[in-house]
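Here is a friendly note to read with the model open beside you. Take the points in order, and find each residue on screen as you go.

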Amino acid sequence: QVQLVETGGGLAQPGESLTLSCAASGFTFSAATMAWYRQVPGKPREPVATIFVNGRTNYVDAVKGRFTIARDNAKNTVYLLMNSLKLEDSAVYYCKKNLGGYWGQGTQVTVSS
């Protein structure tokens, strides 16, 4: 069965960096489009970044130039490198396998001074 396990969340100050990891299993990772989403209480879950099989990436405007999505097919892992964090980046971050709509359990990122 498909499993997605996010790690790497935590507390950071504005301007600092965090890297999230999502370890995937139960499917052919190298053939899957993967994405990171985030959600704050009371708001819909929103896409942050997507990485396609060919390595092409998409980002929401709010994180362009600060966040980088990357994948390591040998490790079945997708990453979200978050630089220059802002207070408004605080959210629960979720990993998603786009086809089939599978989600991880989420990891909390809190940016606070």
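1. Before we start. This is a predicted model, in which local features need pLDDT of at least 70 and side-chain atom pairs count only at pLDDT 80 or more, while totals for chains, interfaces and linings use all residues. Residues are numbered from 1 along each chain as its sequence is written, and side-chain values use heavy atoms, with hydrogens and water left out.

2. The open sheet. Let us begin with an open sheet of 4 strands, in the order β1-β3-β8-β7, with antiparallel pairing. Its edge strands are β1 (3–7) and β7, each of which pairs on one side only. From one strand to the next, the twist averages 15°. Strands here are DSSP runs of E with at least two residues, numbered from the N terminus, and two of them pair if DSSP finds at least two bridges between them.

3. How many bridges join β1 to β3? There are 5, and β3 covers residues 18–25 and runs antiparallel to β1. To see the pairing, find V5, which stands opposite A23 in β3. As background, strands of a sheet pair through backbone hydrogen bonds, either parallel or antiparallel.

4. Aromatic pairs. The whole structure holds 3 aromatic pairs. The ring centres of F27 and F29 are 6.3 Å apart and their planes meet at 45°, so this pair is tilted. Y94 and W103 make an edge-to-face pair, with 6.2 Å centre to centre and 85° between the planes. The rule is that rings of Phe, Tyr and Trp (its six-membered ring) pair if their centres lie within 6.5 Å; planes under 30 degrees apart are stacked, over 60 edge-to-face, and the rest tilted. Y37, Y94 and W103 form one aromatic cluster.

5. Buried or exposed? Both F27 and F29 are buried. Y94 has 12% relative accessibility, so Y94 counts as buried, whereas W103, at 34%, is partly exposed. Buried means under 20% relative accessible area, exposed over 50%, and partly exposed in between (1.4 Å probe, protein chains only).

6. Charges over rings. The charged end of R45 sits over the ring of W103, 4.5 Å from its centre. R71 lies over the face of F29, at 4.7 Å from the ring centre. To count, NZ of Lys or CZ of Arg must be within 6 Å of the ring centre and within 35 degrees of the ring normal.

7. Two positive phi values. Most residues other than glycine have a negative phi. N76 has a positive phi, near 50°, and is found in the loop between β7 (67–72) and β8 (77–82). S84 also has a positive phi near 50°, and lies in the loop between β8 and β9 (91–97). N76 is partly exposed at 27% relative accessibility, and S84 is partly exposed at 40%.

8. A buried aspartate. D89 is in the loop between β8 and β9, and its 0% relative accessibility is why D89 counts as buried. A polar atom of its side chain lies 2.7 Å from the backbone nitrogen of K86. Leaving aside neighbours within four places in sequence, D89 is in contact (heavy atoms within 4.5 Å) with R38, R66, F67, S84, V109 and V111.

Methods. Axes fitted to C-alpha atoms, helices over the stretch in contact; angles between N-to-C directions. Polar contact = N/O pair within 3.5 Å; in protein donor to acceptor, adjacent residues only side chain to side chain.
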